[in-house]
Amino acid sequence: MSFSNIMDSNSYTGGSVGRHGDGIIEARERMLGPAYRLFYRNPVHLVRGEGSHLFDADGTRYLDAYNNVASVGHCHPHVVDAVMRQMTSINTHTRYLHDGIVDYSGRLLATLGPGIDQVMYACTGSEANDLALRVASAHTGASGVIVTTEAYHGNTHAVTAISPSNGGAPVLGPQVRTVPPPDPRSAGSTAETFAEHVRRAADDLQRAGFGVSCLIVDTIFSSDGIFADPDVLGPAVAAARAVGAVFIADEVQPGFGRTGDAMWGFDRHGVRPDIVTMGKPMGNGLPVSAMAARPDVLERFATTQPYFNTFGGSPVSMAAAAAVLDVIESEDLPAQVTRIGARLREGITRIAADHPAVGDIRGAGLYIGVEIVTADAAPDRGRARAIVEAMRDAHVLISVCGEHGNVLKIRPPLVFSDSDVDWFCTALDSALATTLATAG
């Protein structure tokens with residue numbers, strides 16, 4: 001089985017985990033098979049969540065600094081109430097009329113800005129990206145796709161083929177070309193370097209006979225290691241459009257106020273996408289996703305292929321999604337994310353001054369990457385994993401990302417508080433000290 005950065009960099013590899021875990025793990029392995037993964041050397045058996053905190057089977061409280069699905073907080077009462085109310089009324093599909101999908105669509109499209117005027121619903125980000133590929137191919141008449149080297153866009157057959165983070169080159173389709181992410185430490189202008197890589201990939205796809213259907217980018221380059229420079233996308237998007245391709249902004253991870261500066265990652269970059277996909281935090285845990293597009297881009301697909309998704313856009317899904325927008329607006333979460341995210345990065349920066357294992361610190365809002373490096377500044381995957389495990393032992397949950405699996409991935413719910421920042425920084429300081437001492 002090939003190594004998957006996104007799945008295997010921080011996964012359970014076997015061994016005793018105590019009275020709560022052993023029976024469940026054995027049952028999972030027997031009935032679910034070997035493809036599934038668990039986090040951590042000692043997996044966490046969670047039974048309850050509240051805000052930015054989670055609780056295990058023994059009642060131990062954990063600080064959630066990883067999950068962006070419950071983006072407005074685990075079990076937010078407004079979302080729970082909205083879903084329960086709708087469940088007691090009706091839940092069916094979109095081939096019957098209901099107000100919820102129309103009302104929500106108007107609110108959602110208003111956040112996306114001019115030109116993106118139509119939306120289609122699914123259940124997961126994978127499905128939304130799968131649909132986006134179909135729409136892009138129908139519009140352009142091409143099949144070639146350009147992605148970044150550690151991109152993750154989902155797990156259907158089509159999007160696994162454009163997700164090198166799922167297993168590297170062996171998973172990629174022949175119509176896919178990868179380009180390095182825009183790392184600000186690279187030589188020359190980051191934006192122009194990134195655009196030149198896109199041009200070369202486009203040329204190669206054209207020579208191979210695939211043409212270029214789309215450039216698809218997670219707008220904070222999360223799986224690539226989190227690159228938050230807001231000025232790097234414009235020239236690359238222009239390069240893709242110059243050969244007839246469309247730009248798909250994958251907002252499944254950076255969207256819905258995650259980066260603090262704006263509701264959507266593409267807004268930070270000052271670019272207008274042709275297609276936008278979204279998912280994970282959209283329903284705060286209820287499966288709901290969407291693909292929004294310019295009507296002219298959507299037209300060829302929509303007029304030649306009817307679309308239906310049994311659960312996508314259902315009244316309950318729309319109730320959850322609308323409630324999430326309510327909370328984002330009423331609690332002014334983008335402003336909260338900007339303030340708390342800045343304080344969290346400042347705290348990490350102060351800690352890093354005492355720990356040479358910390359390299360680059362980057363991010364926006366509440367999406368932060370912390371590089372862990374050796375004494376000669378080389379990526380240190382082993383130490384990064386040790387830090388993640390030490391944080392877990394201190395009841396703080398994070399993960400890793402990046403090509404070398406050495407970037408701490410910090411992505412807490414948007415309701416992270418000042419006291420949560422203090423808890424996180426104390427645990428990180430201790431984990432860095434412990435792993436350094438262990439290493440050497």
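Predicted model: local features only at pLDDT ≥ 70, side-chain atom pairs only at ≥ 80, totals over all residues.
Figure 1. Four nonpolar, five polar and seven charged residues make up the lining of the second largest pocket. The space in this pocket comes to about 290 Å³. It is lined by 16 residues, of which D183, R185, D224, F227 and E403 are the closest to the pocket centre.

**Figure 2. The largest cavity and its lining.** The structure holds one cavity of 30 Å³ or more. The volume of the largest cavity is about 40 Å³. Its lining consists of T148, A151, Y152, H153, D218, F221, S222, S223 and D224. Sorted by class, these lining residues are three nonpolar, four polar and two charged.

**Figure 3. Packing of helix α4 against helix α11.** Helix α4 covers residues 99-112 and helix α11 covers residues 315-330. The two helices pack at an angle of about 35 degrees, and their axes are 9 Å apart. The crossing of α4 and α11 is left-handed.

**Figure 4. Residues in the contact of α4 with α11.** On the α4 side, the contact involves G100, I101, Y104, R107 and L108. On the α11 side, the residues they meet are M318, A321, A322, L325, D326 and E329. Seven nonpolar residues, one polar residue and three charged residues form this contact.

Definitions and conventions
Residues numbered from 1 in each chain as written. Heavy atoms only, no water. 1 Å grid on protein atoms, 1.4 Å probe; cavity = no way out; pocket = protein on both sides within 12 Å on 5 of 7 lines; lining within 4 Å. Points joined across faces, edges and corners; volume = space filled by probe spheres on them. Nonpolar A, V, L, I, M, F, W, Y, C, P; charged D, E, K, R; others polar. Axes fitted to C-alpha atoms, helices over the stretch in contact; angles between N-to-C directions. Helix = DSSP H or I, 4+ residues; strand = E, 2+ residues; numbered from the N terminus. Left-handed = near helix turned anticlockwise from the far one by under 90°. Contact = heavy atoms within 4.5 Å.
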